[in-house]
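Good morning, and thank you for coming.

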Amino acid sequence: MVSTHIPRLVIAAPASGSGKTTVATGLMRAFADAGLAVSPHKVGPDYIDPGYHALATGRPGRNLDAYMCGPDRVAPLFLHGAAGCDVAVVEGVMGLYDGASGQGELASTAHVAKLLKAPVVLVVDASSQSRSVAALVHGFASWDPEVRVAGVILNKVGSDRHEALLREALTESGVPVLGAVRRAEQVHTPSRHLGLVPVAERSTEATDAVAAQAARVREGCDLEGLLALARSAPPLVDEPWAPHGLRAGAPASHPVPAHKTATGPHPESRPVIAVAGGPAFTFSYAEHTELLRAAGAEVVTFDPLRDEALPEGTAALVIGGGFPEVYAPELSANEPLRKEVAALAATGAPVVAECAGLLYLSRSLDGRPMCGVLPADARMSGRLTLGYREAVAIADNVLAQAGTRVRGHEFHRTVTEPGAGGTPAWGFTHPERRTEGFVRDGVHASYLHVHWAGAPGTAARLVAAAAATAGGAGGRQ
C-alpha cells in the first residue's frame, strides 16, 4: 500500500437540481485558471457531466461508481485519475445520501466521500428559504458522523439582503459558508430527454457556459478557503488502479470465444479497435480506452456522422452510448459506413455495442434504416428506463464467458422490438428478472452500460478476439 496525499473536495447537495454541476464545474475551472492542475471526478454512472468537467480542466472526466466497480476500487481509481494533480474536485450524484435503490448508502455521494476520506461541501438551493437553511444544513451534517460536511455554498441567492439572512442563520449550524452564488441565466446549460446536452454537441456554447460558471464561482466563493479545506483531507493509503495490472477478482487468463483461435495480440502486431465517437456517441469511460491499449490494441476513434469508412485495418468495433435518436437522419444517410459496419459484423469480427450502439446496429431507428446487423427495430418511447442492474452472461461472447456476473446501468427512453435475440446478451437478476440484448457470432449488443474497470478481463478478452480477427480473414483491409 502507498500513502498518497491529494487535496480533494466532494461537491454534494441535499437533492438533484440544487446546482451541483454548475458549482463543481465552475470551481474546477476557477482552480484551473489559477494555475492548478485539477483532477475532475463524478460520482455514479453519468457520462454527460464528466464532459463538462473535462472542458473545465483539460483532463479526462472520470467516474467513481461504487456499485459498478465495487467500493474497493473507488480509491484506486481516484488515485489513478488524480495522479500528479494539485487538487481534485468530485461532483456528487442526486442528494448526498441517495444511493443504489434498496441498498442503503451503496454508491451514494456520502459513501464515496467516506471511501475517499474527503471533506464535503454542500451546495444548497437557497432560492425559497432563509432561516430554514440552518435546519437543513444541520440535518445533513449530523445525519452520518463519518461524513464530514465541512462547508456550505449557497446557490441561487437573490440579493444582498437574502444573502445576509442566510449567513446569519447558518452561524448557528456550525458549518461555515464558503460561498454565495447569485442567480444567473448565462450559467444555464440546456437539457433534453436524458439530461444535459453533451459538450460534443455544443462546442462554443459549452465553452462559454463553463467560463460563465467559473466567473460566478470566483465572484461568490472563497477559493482560498475551499483550497485549504481540500488540503485538509488526510492521505489515502491504497494502490492506484492500473489498466495493465490485474486487480482483485480478475481471472488469470482471458479465453476467447470458441469461433476464435488466437490467444492474444503479440507486441509487434496491435489489432486496430475502432471506437465510435462524435456528437452521436459521446458516452464512454476514460478507463475503457486505457484498458484496450494496455491489453495490446491500437484504438482509433471515428465519427459515424461524418466518416464514410471504418479506420484502416479495423479488427473490432466498439460503439458506446449517446444520442443516435437525435441524429437518426444523418446516421441513416451515411449509407457507406452502415454497409461497412454490416460487412465487418458478417465476418464474425468482434462488434460490441452499448445502448446507442444497439440502436445503430438495429434494422431501423424511428423508421430510418440503420446498419441491419441485428434482427430488431428501435424507436423512441415515452418511458424512461433507468437504474442499476445485476446481470449474468447467457452464453460465451467476445466480452465474457457464460455465467460471468456483472453490475451495470440502464439509461434510455428507447425500446427495441424484440428486446432480446435468440441468444440474449444478459440475463438480469436484480432488481427484476428478464433477458436483454443480442449475441450472434462476434456481436454483443445490449442496453446495459458496464464499467470495464469493474469487470476485470473484459478488455483483454475483446482484444484477444480482435487479434484473432486481425490474424485471420476478418478486419477491414
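How many helices and strands does the secondary structure of the chain come to? The chain has 13 helices and 24 strands, where helices (H or I, at least four residues) and strands (E, at least two) are DSSP runs numbered from the N terminus. Two remarks on the source are in order. This is a predicted model, in which local features need pLDDT of at least 70 and side-chain atom pairs count only at pLDDT 80 or more, while totals for chains, interfaces and linings use all residues. Residues are numbered from 1 along each chain as its sequence is written, and side-chain values use heavy atoms, with hydrogens and water left out.

Of the 477 residues in the chain, 57% are buried; buried means under 20% relative accessible area, exposed over 50%, and partly exposed in between, with a 1.4 Å probe and protein chains only. Contact means heavy atoms within 4.5 Å. Among contacts between residues at least 6 apart in sequence, 76% join residues at least 24 apart.

I turn to the sheet. Seven strands form an open sheet in the order 4-3-5-2-6-7-8, with parallel pairing. Two strands pair if DSSP finds at least two bridges between them. In general, strands of a sheet pair through backbone hydrogen bonds, either parallel or antiparallel. At the edges of this sheet are strand 4 (62–64) and strand 8 (177–182), each pairing on one side only. On average, neighbouring strands are turned by 25 degrees against each other, direction ignored; axes are lines fitted to C-alpha atoms, for helices over the stretch in contact, and angles run from 0 to 180 degrees between N-to-C directions. Three bridges join strand 3 (residues 38–43) to strand 4 in the parallel sense, and histidine 41 has arginine 62 in strand 4 as its bridge partner.

Which strands does helix 1 touch as it packs on the sheet? Helix 1 (residues 20–33) touches strand 2 (8–12), strand 3, strand 5 (87–91), strand 6 (120–125) and strand 7 (149–157), and its direction makes about 170 degrees with that of strand 5. Helix 8 (residues 223–231) lies across strands 2, 5, 6, 7 and 8, running at about 115 degrees to strand 2.

Next, a pair of helices. The axes of helix 3 (residues 74–82) and helix 4 (residues 109–116) come within 9 Å and cross at roughly 70 degrees. Helix 3 is therefore roughly perpendicular to helix 4, a label for angles of 65 to 115 degrees, as against roughly parallel under 35, roughly antiparallel over 145 and oblique for the rest. Helix 3 contributes Val74, Ala75 and Phe78 to the contact, and helix 4 contributes Val112, Leu115 and Leu116.

Finally, some individual residues. Valine 181 lies in strand 8 and counts as buried at 5% relative accessibility. Leaving out residues up to four places away in sequence, valine 181 touches several residues, among them Ile153, Arg216 and Cys221. Cysteine 221 is itself buried, at 10% relative accessibility, and cysteine 69 is buried at 2%. The structure holds zero disulfides, a disulfide being a pair of cysteine sulfur atoms within 2.5 Å.

Is histidine 449 buried or exposed? Histidine 449, in strand 24 (residues 449–450), is buried, with a relative accessible area of 2%. Apart from neighbours within four places in sequence, its contacts include Tyr47, Met68, Glu354 and His409.
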